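Please keep the sequence and the structure in view while reading.

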Amino acid sequence: HLWQRSWSIAPPDGESLQDVYKRAVLFFKKDVEQDLKEGKNVLIVASHNSLRALIKYIEKIPDKDIINTEMAPGELKVYEFDNSLNLMVR
C-alpha cells in the first residue's frame, strides 16, 4: 500500500509519487496551462499514478494527505479554472 499510495516511498526499481509528480507537473505547466488560459477544454488520459500527481498539484493536496487520495478505474474528474488558472469551486 505504501508503494502505491505514499508520497516519497518508491517500490524497488520504481518511482515514488514524488518522482512522478515532477514529470507530470512539468508536462501540465508546459503543455496544458496555455490551452487552459486560452479557454480550451483539455482532456488528460494517463496512468493512475500520473493522475494522482496532477490531482495533488491542481487541488493543492499536502504531501501527508495524498496517501488518502483514490481514483477508481475509469473515474472522470472535471476541473474548471478561471483566467488565472485558479481552480473554480462548483
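Leaving aside its neighbours within four places in sequence, with which residues is Thr69 in contact? In this predicted model, the contacts of Thr69 beyond those neighbours are Arg5, Arg52, Ile55 and Ile61. The points below describe the setting of this residue, two further loop residues and the confidence of the prediction.

- Thr69 belongs to the loop that runs between α3 (48-59) and β1 (80-81).
- Its relative accessible area is 13%, and Thr69 is therefore classed as buried, since buried means under 20%.

**Residues with a positive phi**
- Most residues other than glycine have a negative phi.
- Asp13 is not a glycine, yet it has a positive phi of about 60°.
- Asp13 is located in the loop between α1 (2-5) and α2 (17-37).
- With a relative accessible area of 87%, Asp13 is exposed, because the term applies to values over 50%.
- Leu85, also a residue other than glycine, has a positive phi near 65°.
- The loop between β1 and β2 (87-88) contains Leu85.
- Leu85 counts as buried, at 16% relative accessibility.

**Confidence of the prediction**
- The protein has a mean pLDDT of 92, and 97% of its residues reach 70 or more.
- Where pLDDT is low, the predicted coordinates should not be read in detail.

Definitions and conventions
Residues numbered from 1 in each chain as written. Predicted model: local features only at pLDDT ≥ 70, side-chain atom pairs only at ≥ 80, totals over all residues. Heavy atoms only, no water. Helix = DSSP H or I, 4+ residues; strand = E, 2+ residues; numbered from the N terminus. Buried < 20%, exposed > 50% of the residue type's maximum accessible area, 1.4 Å probe, protein only. Contact = heavy atoms within 4.5 Å. pLDDT = per-residue confidence, 0-100.
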